[in-house]
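The following note sets out comments on the model, arranged as numbered points.

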Amino acid sequence: MAIIHRTTLSPSKYELLAAWLPAQPWFAGDPEQLAPIGAYRFDDPEGEVGLEGHLFTAGDATVYHVPLSYRGAELDDADEFVVGTMQHGVLGTRWAYDAIADPVYRAALADAIVHGGRGSREYTQDAEGRTAEREPSVHVRGSGSGDGPVPELAAVRLTTEGAASIAETEFALLAVHRVVAVEAGDDPVGTLTLRGEWAGAVDALLASLRS
């Protein structure tokens, strides 16, 4: 499950995104008009890394998808994928990364895709430690059957192809789709997917895996 602390965050996640997005080749919106649609989360089995996929618009109807990972220390060899740092009122300094570069996110995403997984259950926690479950604003699910092997994606080659960020090995290709087609569609032959649902969208393609 994902614990969301009711506390301060400076700068905010969307302030970081507004500064980072103009340099991304797949982004063509207005960074001053970011409007959140919602987010989904995955669990880190070790409980150390926050994993959150953001969906938003930027001045028109185009829907963008940016997964972020949040860490309490810098990720080795990932300087070019730093979105920024934030001061969290409970957790202290947090490094935010473009999650395609984070092996913990890649593993969680691939596992969800292959095993038909869904996003984390979400709980808020106040200053007194009281928790309450909340409904995720974006629901995701993998298209796999639950019994297939998950490819190893710890060491990958990272590239950008059009509006997709690619993590590739000799045996597998994981793609995070940055510009989201919100209408339902069929999965390509031989490809498993992660699709999302929120108000106004059903079966939106967020990520795909070929192995």
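1. Helix H2 covers residues 103-114, 12 residues in all, and reaches 16 Å from its first C-alpha to its last, close to the 16 Å expected at 1.5 Å a residue. The model is a predicted one, and the remarks below should be read accordingly.

2. The ends of H2 deserve a comment. After the helix comes Gly 116, which has a positive phi, near 65°.

3. Which residues of H2 are buried? They are Tyr 105, Arg 106, Ala 108, Leu 109, Ala 110, Ala 112, Ile 113 and Val 114. For Tyr 105 the relative accessible area is 1%; the cut-off for burial is under 20%, so Tyr 105 counts as buried.

4. On the chain as a whole, the secondary structure consists of two helices and 16 strands. Of the 211 residues in the protein chain, 47% are buried. The accessible surface comes to about 10400 Å², and carbon and sulfur atoms account for 49% of it. Among contacts between residues at least 6 apart in sequence, 59% join residues at least 24 apart.

5. Seven aromatic pairs are found in a search of the whole structure. One of them is formed by Phe 27 and Tyr 64, a tilted pair with 4.9 Å centre to centre and 50° between the planes. Phe 27 belongs to the loop between helix H1 (13-20) and strand E3 (34-42), whereas Tyr 64 is in strand E5 (residues 63-71), so the pair ties together parts that are 37 residues apart in sequence. Both partners are buried: the relative accessible area is 10% for Phe 27 and 3% for Tyr 64.

6. Phe 42 is buried, at a relative accessible area of 6%.

7. Ring pairs also join several residues into a cluster, made up of Tyr 14, Trp 20, Trp 26, Phe 27, Phe 56 and Tyr 64. The pair of Phe 27 and Tyr 64 described above therefore has both its members in this cluster.

8. Thr 169 is placed in the loop between strand E12 (164-168) and strand E13 (173-177). Its side chain reaches the backbone nitrogen of Phe 171 at 3.1 Å. With neighbours within four places in sequence left aside, Thr 169 is in contact with Glu 152, Leu 153, Ala 155 and Val 156. Between Thr 169 and Glu 152 the C-alpha to C-alpha distance is 8.4 Å, with 17 residues separating them in sequence.

9. Asp 77, in the loop between E5 and strand E6 (82-88), has a positive phi near 60° although it is a residue other than glycine. Asp 203, in strand E16 (residues 201-210), likewise has a positive phi, of about 60°. Are these residues buried or exposed? Asp 77 counts as exposed, at 81% relative accessibility, whereas Asp 203 is buried, with a relative accessible area of 19%.

Notes: Residues numbered from 1 in each chain as written. Predicted model: local features only at pLDDT ≥ 70, side-chain atom pairs only at ≥ 80, totals over all residues. Heavy atoms only, no water. Helix = DSSP H or I, 4+ residues; strand = E, 2+ residues; numbered from the N terminus. Buried < 20%, exposed > 50% of the residue type's maximum accessible area, 1.4 Å probe, protein only. Contact = heavy atoms within 4.5 Å. Areas by Shrake-Rupley, 256 points an atom, 1.4 Å probe, with all protein chains shown as cover. Expected span 1.5 Å × (residues − 1). Polar contact = N/O pair within 3.5 Å; in protein donor to acceptor, adjacent residues only side chain to side chain. Phe/Tyr/Trp six-rings, centres within 6.5 Å; stacked < 30°, edge-to-face > 60°.
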